[in-house]
Amino acid sequence: MSVSSPSRLTNGGLKVSLENLIYASLFVFVCLTRLILLGNVPLSMLEVNHAVGAAQALSGETSTALVTSPMVHIVQQMFMGVFGSSEWASRIGTALGGVAFVFSPLLFSPYLGRLRTMIAVIMFACSPIMFASARLSNPVIWEVGFATLTAWACLRFMRLSDLNSGIVAVVCAGATIFLGGATGYLSLIILLLPMALQINHGDSPTQFLRGIAWGRAALFLAGVLVTSASMFMLYPSGLSTIGNALYAGVSGWWRVSPSPSVGGDIVTGKQIGRAHV
């Protein structure tokens, strides 16, 4: 099934279809709902650890905050370094990631078809969970985003036997676990397990794994982890955030985290800037 409608030509000769208009409208809707008034709500205690850690890193200090998502830490350093310590600067990076994730089903359009791809994009755009996660710097945006890229690269490797796609799959899988957040490995399992069960074209899972250039993939993954977590070696201690994320993910199986209180536990952008003083 596919979305089709008569195309028309504008005065400039540009072809416009109903499908393109729908995607353009969805893009505007997603940007408005994810990006507008990000700084109007003070940070909750669920967000403040990453924001304080980024502020300390920018001041040249070793972070004392428990950062459980290196990717959130990285994007916060980037935007807070340019725009200063504020609620908006600490959230905009993940919010932009949330906008991109809404349109991730387009990667699977050759496999899903145009209609089902559009339905998936509309569901992501209207999902209250995706909406809240993007606006509140939730690491799940990066975890699921990297896991989705892993699934896409695996599909290309399975269908096309493309060596580069296999390397991309390994790098994205590593980014899901080491950069996404404490529960990145769970997102990876949830997305890849159904695909592993669908290998039915004569190859066993072990044959599939043997087809990947593991040596080159490991080198690329190591390079991505080191350069991103350390901000191109400008902040070498940022590599410790990878260990923090792994520890938080493993210890979560036996350690019960205290439930956050509702209301009252808020921190302003100015307090973030002073938190490391």
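Predicted model: local features only at pLDDT ≥ 70, side-chain atom pairs only at ≥ 80, totals over all residues.
Ser-137 counts as buried, at 6% relative accessibility, where buried means under 20% relative accessible area, exposed over 50% and partly exposed in between (1.4 Å probe, protein chains only). Its place is in the loop between helix H7 (128–135) and H8, and Ser-137 has a positive phi of about 55° although it is not a glycine.

A word on the ground rules. Residues are numbered from 1 along each chain as its sequence is written, and side-chain values use heavy atoms, with hydrogens and water left out.

Now the overall picture. The chain has 14 helices and four strands; these are DSSP runs numbered from the N terminus, helices being H or I with at least four residues and strands E with at least two. Of its 277 residues, 44% count as buried. Take the contacts (heavy atoms within 4.5 Å) between residues at least 6 apart in sequence: 70% of them join residues at least 24 apart.

Leu-37 sits in the loop between helix H1 (18–35) and strand E3 (43–44), and is exposed, with a relative accessible area of 53%.

| Residue | Element | Relative accessibility |
|---|---|---|
| Leu-37 | loop between H1 and E3 | 53% |
| Ser-137 | loop between H7 and H8 | 6% |
| Thr-150 | helix H8 | 1% |
| Ser-187 | helix H10 | 13% |

H8 keeps turning up. Its 21 residues reach 30 Å from first C-alpha to last, close to the 30 Å expected at 1.5 Å a residue (the expected span is 1.5 Å times one less than the number of residues). After H8 comes Ser-161, with a positive phi near 55°.

Within H8, Thr-150 is in contact with Ala-169, Cys-172, Ala-173, Thr-176, Leu-188 and Leu-192, leaving aside neighbours within four places in sequence. Thr-150 and Leu-191 are 41 residues apart in sequence and 8.8 Å apart in space, C-alpha to C-alpha. Over in H10, Ser-187 touches Glu-143, Val-144 and Ala-147, not counting residues up to four places away in sequence.

Next, the cores. A nonpolar core is a set of buried Ala, Val, Leu, Ile, Met, Phe, Trp, Tyr and Cys residues joined through side-chain atoms within 4.5 Å. The largest one has 19 residues, and Met-71, Trp-142, Phe-146, Leu-179, Leu-225 and Ile-242 touch the most other members. Two or more residues each come from helix H3 (70–83), helix H8 (140–160), helix H9 (163–180) and helix H12 (214–229), with H9 giving the largest share, five residues. Beyond its neighbours within four places in sequence, Met-71 is in contact with Trp-142, Phe-146 and Leu-179. A second, separate core of 10 residues includes Cys-31, Val-99, Val-102 and Val-121.
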